[in-house]
Amino acid sequence: MRMLLLSTLLVGCGLAVAGAAEFEPPVRLKADGVSVRVESPGYAAPCWADVDGDGKKDLLVGQFSGGKIQVYKNLGDGKLAAGQWLKAEGAVAEVPGVW
């Protein structure tokens with residue numbers, strides 16, 4: 001009986017503490033005044049990282065088509081520069097292994 005009571009209390013307390021996650025409503029990001037868009041078929045993988053070392057996180061959007069990465073530099077004050085393809089040795093970088 002003690003075990004049943006203890007189990008019930010643990011489960012009940014766990015459910016009370018772990019509520020549903022709440023997110024802000026989605027927003028459409030703009031870069032250089034234009035909405036950020038992805039190539040077809042639209043399977044994008046966005047993330048934030050400081051790629052240029054200026055202390056501000058830039059928006060990186062991985063593109064399904066060709067394994068390319070679009071970089072939108074953070075200008076501060078919530079503004080992003082127009083996107084440019086990530087380059088390596090002067091050529092557009094591609095991540096191998098994309099279908």
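Which residues does Tyr72 touch, not counting residues up to four places away in sequence? Select Tyr72 and show its surroundings: it touches Ala31, Val36, Arg37, Asp58, Leu59, Val61, Leu80, Ala81, Ala82 and Gly83. Contact here means heavy atoms within 4.5 Å.

Before moving on, a word on what you are looking at. This is a predicted model, where local features need pLDDT of at least 70 and side-chain atom pairs count only at pLDDT 80 or more, while totals for chains, interfaces and linings use all residues. Residues are numbered from 1 along each chain as its sequence is written, and side-chain values use heavy atoms, with hydrogens and water left out.

**Stop 1: the whole chain**

Switch to a cartoon view. The protein has 1 helix and 10 strands, and along the sequence they follow the pattern α-β-β-β-β-β-β-β-β-β-β. Helices (H or I, at least four residues) and strands (E, at least two) are DSSP runs, numbered from the N terminus.

Now colour by pLDDT, the predictor's confidence in each residue, from 0 to 100. The average for the protein is 82, and 79% of the residues score at least 70. Among the elements, α1 has the lowest mean, 54, and strand β6 (residues 74-76) has the highest, 96.

Accessible areas come from the Shrake-Rupley method with a 1.4 Å probe, and for residues only the protein chains shown count as cover.

**Stop 2: the nonpolar core**

Select Ala31, Val36, Leu59, Val61, Tyr72 and Leu80. These 6 residues make up the largest nonpolar core, a core being a set of buried Ala, Val, Leu, Ile, Met, Phe, Trp, Tyr and Cys residues joined through side-chain atoms within 4.5 Å. Buried means under 20% relative accessible area, exposed over 50%, and partly exposed in between (1.4 Å probe, protein chains only). In soluble globular proteins, nonpolar side chains tend to be buried together. Of the 99 residues in this protein, 18% are buried.

**Stop 3: a nonpolar patch outside**

Next, select Val27, Leu29 and Trp48. Together they form a nonpolar patch on the surface, with about 310 Å² of accessible area. Patches are made of residues with over 30% relative accessible area and no salt bridge; like charges are joined within 9 Å, and nonpolar side chains (Val, Leu, Ile, Met, Phe, Trp, Tyr) within 5 Å. Val27 sits in the loop between α1 (2-17) and β1 (30-31). Val27 counts as exposed because its relative accessibility is 67%.

**Stop 4: the salt bridge**

How many salt bridges does a search of the whole structure find? The search finds 1. Select Asp52 and Lys73, whose closest N and O atoms are 4.0 Å apart. A salt bridge is a side-chain nitrogen of Lys or Arg within 4 Å of a carboxyl oxygen of Asp or Glu. This pair links distant parts of the chain, 21 residues apart: Asp52 is in the loop between β3 (44-49) and β4 (58-63), and Lys73 is in the loop between β5 (69-72) and β6. Asp52 is partly exposed at 33% relative accessible area, and Lys73 is partly exposed at 38%.

Stay in the β3-β4 loop and pick Asp54. The C-alpha atoms of Asp54 and Asn74 are separated by 9.2 Å, with the two residues 20 apart along the chain.

**Stop 5: two positive phi angles**

Finally, select Asp77, in the loop between β6 and β7 (79-80). Asp77 is not a glycine, yet it has a positive phi of about 55°. At 79% relative accessibility, Asp77 is exposed.

Then select Glu89, in the loop between β9 (87-88) and β10 (91-92). Glu89 also has a positive phi of about 55° without being a glycine, and Glu89 is exposed, at 87% relative accessibility.
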